[in-house]
Amino acid sequence: MSNVEIYTWSTCPFCRKAKLLLDNKGVEYTEYDITGDEEARAKMVERTGGPKSVPQIFIDNRHVGGCDDIHALDEKGELDPLLKAA
């Protein structure tokens with residue numbers, strides 16, 4: 001299984017939606033709750049190369065984007081191969 005990381009904010013509905021997709025696929029992931037933590041958010045932005053919104057999702061250190069991005073990958077049939085790539 002791939003190494004999946006997700007940056008979240010506790011009150012973010014898009015974060016919950018992205019985590020639900022991963023949960024439904026049985027994916028184990030590391031969650032970084034950066035609620036109110038500007039230092040952690042700065043670290044996330046450094047990793048993403050610019051995007052500041054949450055969630056931000058990484059699969060095997062590759063930035064795949066946010067909630068809409070991961071759902072789009074799933075709809076195209078491209079998410080499962082990424083998740084099983086490792």
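User: How many residues does helix H1 have, and how far does it reach?
Analyst: This is a predicted model. In it, H1 covers residues 13–24, so to speak twelve residues, and its first and last C-alpha atoms are 16 Å apart, close to the 16 Å expected at 1.5 Å a residue.

User: Which residues of H1 are buried?
Analyst: Cys-15, Ala-18, Lys-19, Leu-21 and Leu-22. These residues span an arc of only 155° around the axis, which puts them on the same side of H1.

User: What follows H1?
Analyst: Gly-26 does, with a positive phi near 75°.

User: Switching to the sheet: what is the strand order?
Analyst: The order is E2-E1-E3-E4, in an open sheet of four strands with mixed pairing. E2 and E4 (62–65) are the edge strands with a single partner each, so one side of each has no neighbour in the sheet. On average, neighbouring strands are turned by 25° against each other, ignoring direction.

User: How many bridges join E3 to E4?
Analyst: Three, and the two strands run antiparallel. Within that part of the sheet, Ile-59 sits opposite Arg-62 of E4.

User: Back to the helix, then. Which strands does H1 touch as it packs on the sheet?
Analyst: H1 touches E1, E2 and E3, and its direction makes about 160° with that of E1.

Technical notes. Residues numbered from 1 in each chain as written. Predicted model: local features only at pLDDT ≥ 70, side-chain atom pairs only at ≥ 80, totals over all residues. Heavy atoms only, no water. Expected span 1.5 Å × (residues − 1). Buried < 20%, exposed > 50% of the residue type's maximum accessible area, 1.4 Å probe, protein only. Arc of directions from axis to C-beta. Pairing = 2+ DSSP bridges. Axes fitted to C-alpha atoms, helices over the stretch in contact; angles between N-to-C directions. Contact = heavy atoms within 4.5 Å.
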